[in-house]
Amino acid sequence: MVVRSSLIRSFDRKEKSSKWLIGILIASLISLYIWSIYSGNGVIEAVKHSLVKTMGFYLSWCFARELDPDAKVEAFYGLAPLFIIFIFVDEVLIMPGIFFWLLARILTRSSGSMVTNFDLIFVLFFSVYLYFFYSFIFPLSASIFIFADYKLKGGQKRNIPYASFMLIISLLSFLNLYTIEKTETSIIDILMVSLITPMFAFRLSTLKNILSTSDRDKYFLSPKRIKLAGILLLMSSTALAINYGYIFQMGFLWMAMLGISIPHIKNLKTLQKPLEG
């Protein structure tokens, strides 16, 4: 019996966009390594920084494809501003990024498989790890994602105990005073979140038909699932920004949302015409 995980997707290296991605990742790895050496870091530290940030580039592209599966070209738009961010920011939250990426896959079902017990156990332990090393927001977000997957068409009751347990873990953190932290945010932080949030929200509101199919069963992806995944990722990233000031550290997610939103700003004009008439 073959167990199909909802967390694993295929990667077609022959696809044109995949070839572009590989080239960009190699170029970013080399460029970021040279920049790190130029900034005064040692060889080992430069290798570490370049690998982590290159992984951030890959995550940004993956988020864009999950949140707008038809956006094969637009998925690259956010990588240019992300490169600028990575030049000035040393800390990149890769593990939290991978966690949100997997949650998005579960909800969008882009792999073509329903969530399995193995997937849920993995997410549970991953959320506990992030709870102890980062924030209560991660098990709370996981609980909401898993429960949302259950409530949508094709949901499974096996999700309920896992979602409930992760919710309990996150709520226990409110017994500690350090759950809510005072953070300092700059004008740039506020402007970035204030700009991207309405743009991405508008993009989600215009998302209606998805022509892309899942990896395995080749059925059309659900716009409702993709919209909900986008809403929950926006809420989670905003919560991290407000509570901990994790904005540029999660830049790969914010830039993914920005990249797939930019081409749809022109649709605002179509909304203005009925009002003018």
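This is a predicted model: local features need pLDDT of at least 70, side-chain atom pairs count only at pLDDT 80 or more; totals for chains, interfaces and linings use all residues.
Student: With which side chain does that of Glu15 meet in a salt bridge?

Tutor: A salt bridge here is a side-chain nitrogen of Lys or Arg within 4 Å of a carboxyl oxygen of Asp or Glu. The pair that involves Glu15 has an N to O distance of 3.4 Å, and its members, 57 residues apart, link the segment before helix 1 with the loop between helix 2 and helix 3 (79-88), where helices are DSSP runs of H or I with at least four residues, numbered from the N terminus. The side chain is that of Lys72.

Student: How far apart in the chain are Asp68 and Arg203?

Tutor: The closest N and O atoms of the salt bridge between Asp68 and Arg203 are 3.0 Å apart. Asp68 counts as buried because its relative accessibility is 4%, and Arg203 likewise counts as buried because its value is 9%. Asp68 lies in the loop between helix 2 and helix 3, whereas Arg203 is in helix 8 (residues 187-206), so that the pair links distant parts of the chain at a separation of 135 residues.

Student: What is the relative accessibility of Arg109?

Tutor: Arg109 sits in the loop between helix 4 and helix 5 (117-133), where its phi is near 55°, a positive value in a residue other than glycine. Most residues other than glycine have a negative phi. Arg109 counts as buried, because its relative accessibility is 7%.

Student: Which residues are joined with Arg109 into one network?

Tutor: The side chains of Arg109 and Asp149 meet in a salt bridge with an N to O distance of 3.4 Å. Asp149 lies in helix 6 (residues 137-151), so the pair ties together parts that are 40 residues apart in sequence; both residues are buried. Salt bridges that share partners join Arg109 into one network with Asp149 and Arg225.

Student: Which residues lie nearest the centre of the largest pocket?

Tutor: On a 1 Å grid for a 1.4 Å probe, a pocket is an open set of points with protein on both sides within 12 Å along at least five of seven lines, and lining residues have an atom within 4 Å of a point. The largest pocket is lined by 22 residues, and the elements that give two or more of them are helix 1, helix 2 and helix 4 (94-108). Helix 2 gives the most, with 5 residues. Nearest the centre lie Arg9, Ser10, Glu15, Arg65 and Asp215.

Student: What percentage of the residues in the chain is buried?

Tutor: The secondary structure of the chain comes to 11 helices and 0 strands, and the count of salt bridges comes to 6. Of the 277 residues in the chain, the buried ones make up 49%.

Note on methods:
Residues are numbered from 1 along each chain as its sequence is written. Side-chain values use heavy atoms; hydrogens and water are left out. Buried means under 20% relative accessible area, exposed over 50%, partly exposed in between (1.4 Å probe, protein chains only).
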